[in-house]
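Subject: Structure for your review

Hello,

The structure we talked about is below, with the sequence. My notes on what was found in it follow.

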Amino acid sequence: MFSIANIRFKHLFYDAIAAACLSGVLLSNVNAADGAPAAFSQASGQALYAKVGDREITVDEYNQTYNRTVRQRYYHSKPPQEELAAVRQEIADELITRELLLLEASRTGLRADETSIQAALDQYDQRYANSPRWKQDRVKLLAALKPKLEQDDLLRQLENRIKNIAPPTEKQVRAYYRQYPEKFTEPMQQKLSLILLVVDPSSSNEVWQAALDKGQELVEQLHKGADFAELARMYSGDVSAEQGGDMGYVHREMLSEAVEKAIDELQPGQISAAIRTLQGVAILRLDDRKAEQLRDFADVRDRARKLWVREHSETAWSEFKAQLRLDTPVTVFVNVANGDNDV
């Protein structure tokens with residue numbers, strides 16, 4: 001079926017192919033920056049963006065990554081000018097970090113898993129077998145994809161190795177629990193009952209006003225002793241109507257701002273005024289309120305351990321990359337953050 005979603009999928013697929021073809025096998029050359037950079041690749045003669053150890057990043061590689069990222073991130077919309085400097089620097093940092101990690105993977109003797117690489121190539125071959133462009137350029141595409149997949153596999157292995165930290169002791173887990181009680185605290189919960197007079201958002205002011213008037217009429221009936229559950233079954237368009245409007249316990253953060261404000265002013269057993277919401281006019285009864293509560297350590301020990309491992313693994317990975325940057329000579333020839341690359 002022809003759709004915008006299908007068009008976008010094709011764009012993203014060929015962007016993925018482009019990522020594997022930074023040498024420009026299938027892409028038109030992108031103009032280099034205004035004001036030539038101070039160095040050229042000895043192997044290809046291409047203008048260099050940066051040199052990381054003995055690895056080179058060309059201006060073409062940078063520009064292709066930039067264009068692909070902007071297309072994926074903003075798609076049809078025009079990128080805000082004030083964001084572009086940050087995007088340029090983000091891409092520059094990612095390209096340099098990737099080269100640093102590939103250098104380290106080579107230094108430590110990591111080898112790509114050829115079995116998994118071939119399996120991935122076979123999947124591409126099967127998935128896009130009916131694509132005219134794939135049929136036309138299949139050999140070039142597979143040849144360009146393979147080194148990219150090999151590099152990705154090396155980076156995955158290296159990341160797994162660095163993140164594979166020693167498990168925490170019981171003392172460390174308990175200390176983490178005490179340090180971050182907010183991570184183990186159940187938020188306040190409120191037991192609510194609802195009558196919702198459904199109104200289409202595009203309805204006229206007259207329709208909305210009629211629903212508000214009807215809602216206020218029901219509120220008055222409730223204050224005079226009418227049964228909330230009975231009125232909910234008669235008038236409510238919410239799924240809770242079958243249960244007499246009973247919504248059960250709801251976290252405060254799940255409520256809209258208008259409903260949240262109204263409920264905050266109620267005590268258990270009290271009924272709100274008729275409130276306009278996105279779905280229509282709501283009448284709420286607060287049935288019960290449970291204050292936020294820190295869960296016992298015994299109940300959250302496993303979660304605390306997993307959070308500790310995840311955070312310390314990410315810290316180890318971040319510190320590892322930062323140390324590589326300090327230990328490895330990196331020369332940048334083009335100041336992309338200031339827009340020197342006219343992409």
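Leaving aside residues up to four places away in sequence, Gly 269 touches Arg 285, Leu 286 and Asp 287. This glycine is found in the loop between H9 and E6. Between Gly 269 and Arg 285 there are 6.5 Å from C-alpha to C-alpha, for residues that are 16 apart in sequence. Gly 269 has a relative accessible area of 52%, and it counts as exposed because the cut-off for that class is over 50%. Please keep in mind throughout that this is a predicted model.

Ser 272 is placed in the loop between helix H9 (257-264) and strand E6 (275-276). Is Ser 272 buried or exposed? Ser 272 is buried, at a relative accessible area of 3%. Its contacts, again without residues up to four places away in sequence, are Val 219, Leu 266, Ala 282, Ile 283 and Leu 284. So one loop holds both Gly 269 and Ser 272, the glycine being exposed and the serine buried.

For the chain as a whole, the numbers are as follows. The chain has ten helices and nine strands. It has 343 residues, of which 36% are buried. Among contacts with a separation of 6 or more, 74% are between residues 24 or more positions apart.

Two helix pairs were looked at.

The axes of helix H6 (residues 170-179) and H10 come within 9 Å and cross at roughly 95°. H6 is therefore roughly perpendicular to H10, since angles of 65 to 115 degrees are put in that class. On the H6 side, the residues in contact are Glu 170, Gln 172, Val 173, Arg 174, Tyr 176 and Tyr 177. On the H10 side, they are Phe 297, Val 300, Arg 301, Ala 304, Arg 305, Leu 307, Trp 308 and Glu 311. Sorted by class, the contact of H6 with H10 has eight nonpolar, one polar and five charged residues.

Tyr 177, in helix H6, has several entries of its own. It is buried, with a relative accessible area of 13%. Beyond residues up to four places away in sequence, Tyr 177 touches Phe 184, Leu 294, Arg 295, Asp 296, Phe 297 and Val 300. The side chain of Tyr 177 reaches the backbone nitrogen of Phe 297 at 3.5 Å. Tyr 177 and Val 300 are 123 residues apart along the chain, and their C-alpha atoms are separated by 8.6 Å.

A further residue of helix H10 (residues 297-327) is Thr 315. Thr 315 is partly exposed, at 39% relative accessibility.

Helix H3 (residues 81-107) and helix H5 (residues 132-163) have axes that come within 9 Å and cross at roughly 75°. That angle makes H3 roughly perpendicular to H5. From H3, the contact takes in Arg 98, Leu 101, Leu 102, Glu 104 and Ala 105. These meet Lys 148, Gln 151, Asp 152, Leu 154, Leu 155 and Leu 158 in H5. The class count for the contact of H3 with H5 is six nonpolar, one polar and four charged residues.

Two more residues complete the list.

Gln 118 is placed in helix H4 (residues 114-127). Its relative accessible area is 40%, which means that Gln 118 is partly exposed. Gln 118 and Leu 149 are 31 residues apart in sequence, and their C-alpha atoms are 9.3 Å apart in space.

Thr 65 has its place in helix H2 (residues 59-74). Thr 65 has a relative accessible area of 8% and is buried. Which backbone atom lies 2.8 Å from a polar atom of the side chain of Thr 65? It is the backbone oxygen of Glu 61.

Regards

Terms used
Residues are numbered from 1 along each chain as its sequence is written. This is a predicted model: local features need pLDDT of at least 70, side-chain atom pairs count only at pLDDT 80 or more; totals for chains, interfaces and linings use all residues. Side-chain values use heavy atoms; hydrogens and water are left out. Helices (H or I, at least four residues) and strands (E, at least two) are DSSP runs, numbered from the N terminus. Buried means under 20% relative accessible area, exposed over 50%, partly exposed in between (1.4 Å probe, protein chains only). A polar contact is a pair of N or O atoms within 3.5 Å; within protein, one must be able to donate a hydrogen and the other to accept it, and residues adjacent in sequence count only if both atoms are side-chain atoms. Axes are lines fitted to C-alpha atoms, for helices over the stretch in contact, and angles run from 0 to 180 degrees between N-to-C directions. Angles under 35 degrees count as roughly parallel, over 145 as roughly antiparallel, 65 to 115 as roughly perpendicular and the rest as oblique. Contact means heavy atoms within 4.5 Å. Ala, Val, Leu, Ile, Met, Phe, Trp, Tyr, Cys and Pro count as nonpolar, Asp, Glu, Lys and Arg as charged, and the others, Gly among them, as polar.
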